[in-house]
Amino acid sequence: APAGASAPPRPQGQGNGVGVPGVRHIVAVASGKSGVGKSTTAANVALALVKQGLRVGLMDADVYGPSVPTLFGLHERPDVENKMMKPLEAHGLRIMSIGFLVEEGTAMIWRGPMVMSALTQMLNEVSWGELDVLVVDMPPGTGDAQLTMAQRVRLSGAVIVSTPQDLALADARRGVAMFQKVDVPILGVVENMSYFCCPNCGHRESLFGHGGARAEAAKMGAPFLGEIPLATEIRATSDSGAPIVASAPESEHARAYGRIAEAIWTRLSRGAPGRTPPRIVIER
């Protein structure tokens, strides 16, 4: 296990939110829009953190479109003990999703207060146990649910996932701005679907452009965590319920997620800086 794994607990984030007993760090994985591979990234990064010897949980906060049950092939309901739900487990990861509590394919026609009630229950009425990191797969966008989650939960930081093209980057900027306004540190930016390598000839093609997320991270003063390719193996393993970090841990794709997870844990261990507090000057 990493040297920092057995260190005494550190404060979670710098906002006014509430933490979860036994959980050292809560990390939000977010995106400005859907369709950029946020859930796949969250699942594989969480598994990569487990590979580093950390105790890790994964909470699926995307109430309207939960992807975690499919990503891990889990569809049973969690057990309840002393009014607390027990998270399901896969590959050493403790997992909770609204998808475990409703029938598959159910349309969640809920307004903001109902969504927040469900998210609060998944945080506080689940027996997470002792965790080094709880990864939260956030809903896409910057609406009421996302903002309230960022304000009410004591987040140690946020990871922003984007594809390289300008349309996705414009939405990613909004996500960064939301977290900055509520004093949640940005742990870094991930460029997903960064490039495609032909499996037959090895030719590398940047289908959606390339380097946009790295350049955007530099503009925002945030760390660039790494590139993940557009790859059939990542898609296929995710659809089959065994994400690539679990099913092919020695593959180059799994190692890419591992490098991102290592960078995130390094930031958490050292303490990611938040926004500089205002200085009050009284003139006489």
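This is a tour of one chain, from the whole fold to single residues.

**Before selecting anything**

The model is predicted, so local features need pLDDT of at least 70 and side-chain atom pairs count only at pLDDT 80 or more, while totals for chains, interfaces and linings use all residues. Residues are numbered from 1 along the chain as its sequence is written, and side-chain values use heavy atoms, with hydrogens and water left out.

**The whole chain**

Show the chain as a cartoon. It has nine helices and twelve strands; these are DSSP runs, helices being H or I of at least four residues and strands E of at least two, numbered from the N terminus. Of the 284 residues, 50% are buried, where buried means under 20% relative accessible area, exposed over 50%, and partly exposed in between, with a 1.4 Å probe and protein chains only. Switch to a surface: the chain exposes about 13600 Å², and 52% of that comes from carbon and sulfur atoms. Areas follow the Shrake-Rupley method with a 1.4 Å probe, and for residues only the protein chains shown count as cover. Among contacts with a separation of 6 or more, 75% are between residues 24 or more positions apart; a contact is a pair of heavy atoms within 4.5 Å.

**The sheet**

Next select the eight strands of the open, mixed sheet, in the order β5-β6-β2-β7-β1-β8-β9-β12. Two strands pair if DSSP finds at least two bridges between them. At the edges are β5 (88-90) and β12 (224-227), each pairing on one side only. From one strand to the next, the twist averages 25 degrees. Such angles run from 0 to 180 degrees between N-to-C directions, the axes being lines fitted to C-alpha atoms, for helices over the stretch in contact.

Select β1, residues 23-30: eight of its eight residues are buried. β1 runs parallel to β7, with six bridges between them, and H25 stands opposite V133 of β7. β1 also pairs in the parallel sense with β8 (residues 157-162), over four bridges; there A30 has I160 as its bridge partner.

Which helix lies across β9 and β12? Select α6 (residues 212-220), which runs at about 160 degrees to β9 (186-191).

**The cavity**

Select A30 again, this time with S31, M138, P139, G141, T142, Q146, G175, M178 and F179: these residues line the largest cavity. A cavity is a set of points, on a 1 Å grid over the protein atoms alone, where a 1.4 Å probe fits but cannot get out, and lining residues have an atom within 4 Å of a point. The count is one cavity of 30 Å³ or more, and the largest holds about 30 Å³. Helix α5 (residues 166-181) gives the largest share of the lining, three residues.

**Loops**

Most residues other than glycine have a negative phi. Go to K83, in the loop between β3 (80-81) and β4 (84-85); its phi is positive, about 65 degrees. Is K83 buried or exposed? K83 is exposed, at 77% relative accessible area.

H91, in the loop between β5 and β6 (93-97), also has a positive phi, of about 55 degrees. H91 is partly exposed, at 43%.

Finish at Y64, in the loop between β2 and α2 (68-72). Y64 is partly exposed, at 47%, and its C-alpha atom is 8.4 Å from that of W110, 46 residues apart along the chain.

Conventions: On a 1 Å grid over the protein atoms alone, a cavity is a set of points where a 1.4 Å probe fits but cannot get out, and a pocket is an open set with protein on both sides within 12 Å along at least five of seven lines; lining residues have an atom within 4 Å of a point. Grid points are joined across faces, edges and corners, and a volume is the space filled by probe spheres set on the points.
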